Structure formats: structure tokens, C-alpha cells
Amino acid sequence: MLLNLKSLLLSGAALASLVNAQVDPLLTGTWTTKSRKVFTGPGFYDPVNEKMFEPSLTGFSYSFTDDGFYEVAAYRAGSNPATPSCPKGIIQWQHGKYRKASNGSLILNPFAVDGRQLMSDPCSYKNAVYTRYRQQEIFKHYEVFPNPFDKAQRLNLYGWDGAPMNPMYLAYKPPQMLPTQTLNPTTAAATGTKPSSTGNSKRDLPGDDDGLVREALDRKALLKQRHSKNNADRLWWLGAGLTALGGVGYFCF
């Protein structure tokens, strides 16, 4: 009996050691890039109302917990050299579980149905395209250390190929995150859509308010086009007015 109890305790200790080896407490917290405008949590994505909120600047944020969960929020924008009035933008959010492999790499496995992506391409689509999003991430290695300049905790992640990502800095500890569980387990059934083999499915957001979310990334491009048109109209009328005034002056003087 005592032997069995001892074996059970040793097995439990070994299992606990294995679990602890798969996470790194140094990662615990919410990390964000230099712009400090993108953070994980409810300020980025509202899973109840299916809303994504556009940050004022681009960047990305990762959060990790002590028990092996993670969350990521990203906002990226790119210029369009062929059509400058049509900049592209993309907002992505997902969460799931992470583990540290024996070779020091990080493996992030998202919950299959929860990830969301909002992509804006105003010259190709009237509204931004809202889809499910799922992408496993593998980081070859990482570093956590005090930044030499301001001593803030810094996280360097290196992609699967060893390419460095933009550094992140510790913003919150404990982390600022949404609940670490599947948030929309019945979304596909409720909307009548079926995830594709890649886990992505395109669908519309319901309601007028959500229509504004679809167009949120388009607003800047539309604003630029509108301003450009208004300026051209003003210049035309100014030129016409000056021409008319010159004609009056010619006959009077």
C-alpha cells in the first residue's frame, strides 16, 4: 500500500514537472510593440457582439498566462504604390494554448473556431471582409530581458525561420486577456456557415452597427478620396472666378 502511494506521488510530481516545463513564467503578461496602441483583451475584440476595434496606430500584442494560454492581437497596414488612394489594412485576433518545446521553441495552437480577421482592400471590396482566422505560430526561439535603454522588460520573438519580429515590451502583469476558453463554440451552427479545411469561413456581420465595423478600415481611404475631390472642385471654381474677374477688369480699364 505504501509502495503504491509512493509511486502515485512520484508520478504526480513528474507530471507536474512536465507541465511546468512546457510553460515559461517569464512570458506571463501582456506584451506590445513600440506604438503601445495595440493590446489584447476586450478593447480589441468583442466576441459577444462580434466587433473588432481599430487601434489608432499599427502594431501587435501577445499575452501569456502561467497555465499555458495565450492571446494575440495584430493591426497591420500597407501602402498601395499602384493606387495610393487604396491603402490596405488587416486586423487579426486569436487565442489558444501554447507550449515550450524541448528545443526552446514556442508553439502556439489557436482554438479552431474563435479566431477573427477583418481585412480592408477598398479598391477591391466595398466593405471590409470579415472571416474566421486560424494560424498556428511557431517561434524558433525567444528572449526576455531588461531593455538596455529604459530597463523595461523586453520580449524578442524569432519566427520559425529565425527571422526577428519587432520587439515587444511588458505592458500588463497579470495579462489583459479575454477568457481562456472557446468563446464562440456554436457560431458556425448559428450562422449556417461551415469552416473550410483551413478553419476560415467568410460571413457577414449582422445589423447596421456592425456594418460600420466592416467599413471602419475603409474610412481613411474614403476620406482621402473625398478630400482630394473637394480640393479639385475648389481649385476649378477659384480658377473660373479669377478668369471672370480678369475679363471684367480688361473691359473696365
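Predicted model: local features only at pLDDT ≥ 70, side-chain atom pairs only at ≥ 80, totals over all residues.

User: How many helices and strands does the protein chain have?
Analyst: Helices (H or I, at least four residues) and strands (E, at least two) are DSSP runs, numbered from the N terminus. On that count, the protein chain comes to 4 helices and 12 strands.

User: What share of the residues is buried?
Analyst: Buried means under 20% relative accessible area, exposed over 50%, and partly exposed in between (1.4 Å probe, protein chains only). The protein chain has 253 residues, and the buried share is 38%.

User: Which residues touch the most other members of the largest nonpolar core?
Analyst: A nonpolar core is a set of buried Ala, Val, Leu, Ile, Met, Phe, Trp, Tyr and Cys residues joined through side-chain atoms within 4.5 Å. The largest one holds 17 residues. Two or more residues each come from β4 (59-64), β5 (69-78), β7 (106-110), β10 (137-146) and β11 (153-159). The residues that touch the most other members are Tyr-62, Phe-64, Tyr-98, Leu-106, Leu-155 and Leu-157.

User: Is Tyr-62 buried or exposed?
Analyst: Contact means heavy atoms within 4.5 Å. Leaving aside neighbours within four places in sequence, Tyr-62 is in contact with residues including Trp-31, Val-72, Leu-108, Phe-139 and Leu-157. Its relative accessibility is 2%, so Tyr-62 counts as buried.

User: Why is the pair of Tyr-62 and Phe-64 called stacked?
Analyst: Rings of Phe, Tyr and Trp (its six-membered ring) pair if their centres lie within 6.5 Å; planes under 30 degrees apart count as stacked, over 60 as edge-to-face and the rest as tilted. The search of the whole structure finds 6 aromatic pairs. In the pair of Tyr-62 and Phe-64, the centres are 6.4 Å apart, and the pair is stacked because the planes stand at 15°.

User: How far apart in sequence are the parts that Phe-64 and Tyr-98 tie together?
Analyst: The two rings form an edge-to-face pair, 5.1 Å centre to centre with 75° between the planes. Both Phe-64 and Tyr-98 are buried. Phe-64 lies in β4 and Tyr-98 in β6 (residues 88-100), so the pair ties together parts whose separation is 34 residues.

User: Which residues form the aromatic cluster?
Analyst: The stacked pair of Tyr-62 and Phe-64 belongs to one aromatic cluster. The members are Phe-60, Tyr-62, Phe-64, Tyr-98 and Phe-139.

User: Which residue of β12 is the bridge partner of Leu-155?
Analyst: Strand β12 (residues 168-172) pairs in the antiparallel sense with β1 (residues 29-32) over 3 bridges. β11 and β12 also pair in the antiparallel sense, over 2 bridges. The partner of Leu-155 is Met-168.

User: What separates the C-alpha atoms of Pro-110 and Gln-136?
Analyst: Pro-110 lies in strand β7. At 16% relative accessibility, Pro-110 counts as buried. Pro-110 and Gln-136 are 26 residues apart along the chain, and their C-alpha atoms are separated by 6.3 Å.

User: Where is Pro-174 found?
Analyst: The peptide bond from Lys-173 to Pro-174 is cis, with omega near 10°. Pro-174 is in the loop between β12 and α2 (187-191).

User: What is the relative accessible area of Lys-151?
Analyst: Lys-151 is found in the loop between β10 and β11. Its phi is positive, about 65°, although it is not a glycine. Lys-151 is exposed, with a relative accessible area of 60%.

Key
Residues numbered from 1 in each chain as written. Heavy atoms only, no water. Pairing = 2+ DSSP bridges.
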